[in-house]
Amino acid sequence: MPYDFSQIMPMLALVAMIGAFAGVIAGMLGVGGGIILVPAFYFAFISLGYGPDGLMQICLATSLATIAVTSWRSVLGHHRRGAVDWVILRGWALGIGAGAVLGVLVASGLRGEVLMVLFGILGLIVGLYLAFGRNEWRLGDTMPTGLGRSITGPVIGFLSVLMGIGGGSFGVPLMSLYNVPIHRAVATAAGFGLVIAIPSVLAFLVIPASGGNPPPFTVGQVNLVGFVVVVAMTLITTPVGVRMAHALDGKRLKRIFAAFVLVMALNMIRKAIWG
């Protein structure tokens, strides 16, 4: 359908600001943008008058589309430095991918308010771990295999899709708890993000948006404007965040980001319950 250019310009401006901020945060803290992008997309699109029916699914799908690109770039960069643990990645890929596809099917059938509450609850868990987690915590000396991996892998993929995030938020803590060095955990979690994003985005592309008022240029449940502009902006601003990270105290940055995640998660729950 044709769109009025004046209708698209405000969306372009808001999405560009979202992408710029997500890129800076990713560069500063090494986290994927999904935990920022999903609520930012939601409140931006709502403020422009789109949705609300089916809007959370569009936000999840669009966030995951950007993660497919950023995870690919991250995996290549880490692989050149020999940091990716391909044994872990190959062993966990099938289960994580299967969980991601299941997450798409479940997310597509849920009401937006339910997805918002789920995002909020899982965001609180991630934020609390960022704030209070300790590098020395351990659940074991090696990554789970057998039944443990068969259960944990799909759960990571499933929950990640319900939040529209990549592999870092759940994958890095998991590997750290099982004695994987942090740099190797971050590098391998980028591979988790790729395994989560690619099948889930392909599925979201072929499942029609459930609402009657999606943002312009939405294909299936992926908004192409959000995808293209955010990817472009993160390419520009991520190096800025990297430079800032080297100039600022890492522990303080982590606490600030944890507080930011907790506030966003609580706000998402508030919006879902009280509107």
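Just after helix 7, asparagine 179 takes a positive phi of about 70°, where helices (H or I, at least four residues) and strands (E, at least two) are DSSP runs numbered from the N terminus. The model is predicted, so that local features need pLDDT of at least 70 and side-chain atom pairs count only at pLDDT 80 or more, while totals for chains, interfaces and linings use all residues. Residues are numbered from 1 along each chain as its sequence is written, and side-chain values use heavy atoms, with hydrogens and water left out.

Asparagine 179 has this positive phi although it is not a glycine, and it lies in the loop between helix 7 and helix 8. At 38% relative accessibility, asparagine 179 counts as partly exposed, a class that falls between buried (under 20% relative accessible area) and exposed (over 50%), computed with a 1.4 Å probe on protein chains only. Phenylalanine 217, in the loop between helix 8 and strand 1, is another residue other than glycine with a positive phi, here near 60°, and at 40% relative accessibility it also counts as partly exposed. Most residues other than glycine have a negative phi, and most peptide bonds are trans.

Helix 7 itself, which covers residues 168-177, has 8 of its 10 residues buried, so it is largely enclosed by the rest of the structure. The buried residues are Phe170, Gly171, Val172, Pro173, Leu174, Met175, Ser176 and Leu177, and they pack against helix 4 (86-109), helix 5 (112-132), helix 6 (146-163) and helix 8 (182-206), contact being taken as heavy atoms within 4.5 Å.

Phenylalanine 192 and phenylalanine 257 are 65 residues apart in sequence and 22 Å apart in space, C-alpha to C-alpha.

The buried residues of helix 6, namely Gly153, Ile156, Gly157, Ser160, Val161, Leu162 and Met163, pack against helix 2 (34-47), helix 3, helix 4, helix 5, helix 7 and helix 8. Serine 160, with a relative accessible area of 0%, touches Ile165, Gly166, Phe170 and Ile196, not counting residues up to four places away in sequence. Helix 6 is followed by glycine 164, whose phi is positive, near 70°.

Glutamine 221 lies in the loop between strand 1 (218-219) and strand 2 (222-223), and it is buried, with a relative accessible area of 2%. Its side chain is joined to that of serine 108 by a polar contact of 3.3 Å, a term for a pair of N or O atoms within 3.5 Å of which, within protein, one must be able to donate a hydrogen and the other to accept it, residues adjacent in sequence counting only if both atoms are side-chain atoms. Among the residues that glutamine 221 touches, beyond those up to four places away in sequence, are Ile58 and Ala209.

On a 1 Å grid over the protein atoms alone, a cavity is a set of points where a 1.4 Å probe fits but cannot get out, whereas a pocket is an open set with protein on both sides within 12 Å along at least five of seven lines, and lining residues have an atom within 4 Å of a point. Grid points are joined across faces, edges and corners, and a volume is the space filled by probe spheres set on the points.

A search of the whole structure finds 1 cavity of 30 Å³ or more. The largest cavity is lined by Gly51, Asp53, Leu55, Ile58, Ala209, Ser210, Gly211, Asn213 and Pro214. The second largest pocket has a volume of about 190 Å³, and among its 15 lining residues Tyr42, Pro52, Asp53, Gly112 and Glu113 lie nearest its centre. Proline 52 belongs to the loop between helix 2 and helix 3, and the peptide bond from glycine 51 to proline 52 is cis, with omega near 0°.
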